[in-house]
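I opened this structure to get my bearings. My notes follow in the order in which I looked things up.

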Amino acid sequence: MRATLIWVAVGLAVVVPVLAATQSPLLQWREPVYIIAGFAGILGLALMLLQPLLAVGVLPGLPALTGRRVHRWIGASLVLAVVVHVVGLWITSPPDVVDVLLFRSPTPFSVWGVIAMWAVFLAALLALLRKRLRLGPRLWRRGHTSLAAVIITGTVVHALLIEGAMEPISKWALCILVGAVFLKAVIDLRIWARRR
């Protein structure tokens, strides 16, 4: 029963903000490419809730090895979501995206989005090159977790500053959950604890 409740709660936390965004009146006059780009960002934020839960291994019925594999697949999905988000926005307005990438945009949310984007790419690159770089488990965890902290902070601030398709209450709830679950995972994994 408890396992079912956990899965239902996680499912609702991921699905409700996405479904609420589909009802936004701001989507009425937007091009399909812009809508797809926006929903790629929303889906990426929603998927971030799962990553710390998978890293800690607290999702019931999911063995640790399977959880790690799912964590990798969701990580790859996050990279894809970021690419779709940025490319879609590029297609609809190339000058705006260039300004954002060069940190010349007047919109404060864009800086946070770009920082989070580069951190996503670096985290993925670090994961791909982990064996080649011969990183020990402690160094790997600290590096990956540091990048995850930048990703989550940047994404949450980016999302909260945008007045877009996401419904405000579900957006705030999801952002708070993502941050809280990440902090809980860092505490549980004792990433920064000194060890002998």
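**Entry 1: the model.** I noted before anything else that this is a predicted model.

**Entry 2: secondary structure.** The protein chain has nine helices and zero strands. Along the sequence I read the pattern as α-α-α-α-α-α-α-α-α.

**Entry 3: overall dimensions.** I checked the radius of gyration against the rule for a compact globule. For 196 residues the rule gives a value near 16 Å, and the protein chain has 17 Å, so the two agree. Along the principal axes, I found that the C-alpha atoms fill a box of roughly 55 × 45 × 25 Å.

**Entry 4: inside and surface.** I looked up how much of the chain is buried. Of the 196 residues, 35% are buried. The protein chain exposes about 12200 Å², and 71% of that comes from carbon and sulfur atoms.

Entry 5: I took the contacts between residues at least 6 apart in sequence; 72% of them join residues at least 24 apart. I then looked at the charges. The protein chain has 19 positive and 6 negative charges, and their mean positions are 27 Å apart.

**Entry 6: helix 6.** Does the span of helix 6 agree or disagree with 1.5 Å a residue? Helix 6 covers residues 108-128, and its 21 residues should span 30 Å; I found its end C-alpha atoms 31 Å apart, which agrees. I next listed its buried residues: Ser 110, Gly 113, Val 114, Ala 116, Met 117, Ala 119, Val 120, Ala 123 and Leu 126. An α-helix has 3.6 residues a turn, so residues three or four places apart point the same way. The cover over the buried residues of helix 6 includes helix 4, helix 5 (94-101), helix 7 (130-133) and helix 8 (137-161).

**Entry 7: Gln 51.** I found Gln 51 in helix 3, which runs over residues 50-56. Is Gln 51 buried or exposed? Its relative accessible area is 11%, and buried means under 20%, so Gln 51 is buried. Setting aside neighbours within four places in sequence, I found Gln 51 in contact with His 71, Ile 74, Gly 75 and Leu 78.

**Entry 8: Ser 77.** Where is Ser 77 found? I located Ser 77 in helix 4, residues 64-92. Ser 77 counts as partly exposed because its relative accessibility is 32%. I also looked up Leu 43, which is 34 residues from Ser 77 along the chain; their C-alpha atoms are separated by 9.5 Å.

Note on methods:
Residues numbered from 1 in each chain as written. Predicted model: local features only at pLDDT ≥ 70, side-chain atom pairs only at ≥ 80, totals over all residues. Heavy atoms only, no water. Helix = DSSP H or I, 4+ residues; strand = E, 2+ residues; numbered from the N terminus. Rg over C-alpha atoms; globule rule 2.2 N^0.38 Å. Buried < 20%, exposed > 50% of the residue type's maximum accessible area, 1.4 Å probe, protein only. Contact = heavy atoms within 4.5 Å. Areas by Shrake-Rupley, 256 points an atom, 1.4 Å probe, with all protein chains shown as cover. Lys, Arg positive; Asp, Glu negative; His and termini not counted. Charge placed at Lys NZ, Arg CZ, Asp CG, Glu CD. Expected span 1.5 Å × (residues − 1).
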